[in-house]
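Visitor: I would like to know what the labels on this model rest on. Take me through them, definition by definition.

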Amino acid sequence: MVPLLRRLSLLTLVLTTTGPAVFGQTLTPIMRTNDPIPGSPGVLCEGLNTFNAAVMDQGDVAFILRCLETTSGNPGTHVLFWDGAELTKIADNETPLPGQSSRQMNFDDLDHGPTSISLAGGAQPQVLIRSGHELPERSVLYQWHLDTGIDPFPSQSAQYDWPASGVLASNRHTLVWMRRSLEVQPELHLIDSAGNTRRVLSEGNSLAGGAKVDFIKGGDYYFNGRRALVVIDTEPYSDRGWWNIDTTGTGATPTALWQNEKSPISSPTDRSITYTTVDVLDISPSHAAAQSTVALGDGGFREGWSAQALLFSPDPNAPFQVIHETTLPVPGHPEFTFIDFNAAEVLGNSVVFSGLSIDRNNNFLTGIYEWTESGTRVIVDGSEPIEGVLPLLVRLLGRDDHDGGLLIAAQFNPNSDPLDFDSLFEVLYVRTAPTLTSEVAEWLREELAALGDDPAIVGLDADPDGDGVANVLEYALGGNPGQQDTASILPSVRVGTDGNVEIAYARRAALPEQITVVTEVFDPNTRQWIPVTDRTIPSEREGFETVTVTPESPQAEGLYRVRVNHTVE
């Protein structure tokens, strides 16, 4: 009987909801291709550039769009704000500069990096945007408020007349890269929420290990209100790389997170691969248990594709560890292997990322996934429809550090090339947390009473015990959300009373009508998940029943999964 059990490929736990939703959460479309732009008559959305061109905080979203004038056919760029209900135009290429009506903003020639747009959401949302003038490389920072509109950011002054970039954190502190002139080396300044300015890094400053600052890179840096990650050229040059900067005013010496010539990481799955180049993708907020970092490592090529790894550092003093690599199988689709990781967001010890994968027949699959120490699970499965249509590509753009919501872009055009990473995406979605049913909410409060009521702990898709099983799965299948008990609730393969092989799992007998549990098998011909007939038998555990599924042929291989659907109230 053992060989027979081995021929059954089981089992993937995937959680989704009914309607246009993924992983127990509602997907709300914000903007689609050909939608009109508010405040700009005759202008339509052409698409979304997904390279760090959208941000999310406390349910609010700010983003940069490519647009098209219907009358002239001229392209343009717009910056928009969404408050959870309606869109507001922040600026476009025809917006006059504050106090200089003869000059206009310019967003076309700026790289959409992490310093192009940032947001502090909430009751009084604030957006920081970077705009060019006649010289694209001389960009200037502007702040936008919903009630007052656009104003120059207060860091501009006669002394520092060459500001180039800035990052506004959720606590409304801003880190600004600026220089007095092209002949003077740049500096980093912190502007707190009250408008006070303090220099935190400049040429010649000492770094941990005896190196000194030679040049501070201004295009890519990350800031969470208390800590910054910055690329620094050093003296000696061999110490250059990503450095941690404490911006709290403690006077702490910057420490190295990654040094190009001193921090290579060997692949744990292929000894011939070494990751020698790192691009930081996100830094967690200061209120998280650890100010963690996620990065993308590049290690050359493997099996014809770029060898990439997702790297994770749990705190500023910890070295990177490899948490995922290309050529590894995709959760829920073991016939596919990853070939590209294109975005990642980190919150504590959880990393959400989007990736592209391929099978042996050169079919592509796109998806969004979450990694924790206990494993990787699917959030958006590209093999399933979104609003009734299969996506060609989905990509993660941002993560709300307050409630875990996600900002997602999708492309549906079947004629597009999934390997064209510069193509525009067609729809921008927000994935927001669902409203808990009163019965589930009460159960979670009782089970997790000692941990508080943070949505990141008691939310339906939260995983406070880090065992890779979300709270709603724990509820439906009889787990403990505060204890790592995956082995006790995962479906199992066993020999039934009739001697046949069957799949069995426990299910709560009296589930709320908003929650359903179904068993599905993957059809390799249609590449769809098909519901299968199951049967229930009494369970010795009070309040639960045992669900069993018998494969159609005991000799056939099969990929089965248990799916928990949750309808948002």
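**Labels and their grounds**

Guide: This is a predicted model. Start with an open sheet of 4 strands, in the order 11-12-13-14, with antiparallel pairing.

Visitor: What makes strand 11 and strand 14 the edge strands?

Guide: Strand 11 (117–120) and strand 14 (149–152) each pair on one side only. From one strand to the next, the twist averages 25°.

Visitor: How do you know that strand 13 and strand 14 pair?

Guide: Pairing needs at least two bridges between the strands. Strand 13 (residues 139–145) and strand 14 have 4 bridges, in the antiparallel sense, so they count as a pair. Gln 143, for instance, has Asp 151 in strand 14 as its bridge partner.

Visitor: Why is a set of residues called a nonpolar core?

Guide: Because its members are buried residues of the nonpolar kinds listed for a core, joined through side-chain atoms within 4.5 Å. The largest such core here has 24 residues. Ile 30, Phe 63, Leu 65 and Leu 407 have the most contacts inside it. Strand 6 (residues 60–69) gives the most to this core, with 4 residues.

Visitor: Which residues is Leu 65 in contact with, leaving aside neighbours within four places in sequence?

Guide: Among them are Met 31, Ile 37, Cys 45, Leu 48, His 78 and Leu 80. Contact here means heavy atoms within 4.5 Å.

Visitor: Where is confidence lowest, and where is it highest?

Guide: Helix 1 (residues 2–6) is lowest, at a mean of 30. Strand 8 (residues 87–92) is highest, at 94. The protein's mean pLDDT is 81.

Visitor: What about residues 1–25?

Guide: Their pLDDT stays under 50, although the model has 84 contacts for them beyond four places in sequence. Where pLDDT is low, predicted coordinates should not be read in detail.

Note on methods. Residues numbered from 1 in each chain as written. Predicted model: local features only at pLDDT ≥ 70, side-chain atom pairs only at ≥ 80, totals over all residues. Heavy atoms only, no water. Buried < 20%, exposed > 50% of the residue type's maximum accessible area, 1.4 Å probe, protein only. Helix = DSSP H or I, 4+ residues; strand = E, 2+ residues; numbered from the N terminus. Axes fitted to C-alpha atoms, helices over the stretch in contact; angles between N-to-C directions. pLDDT = per-residue confidence, 0-100.
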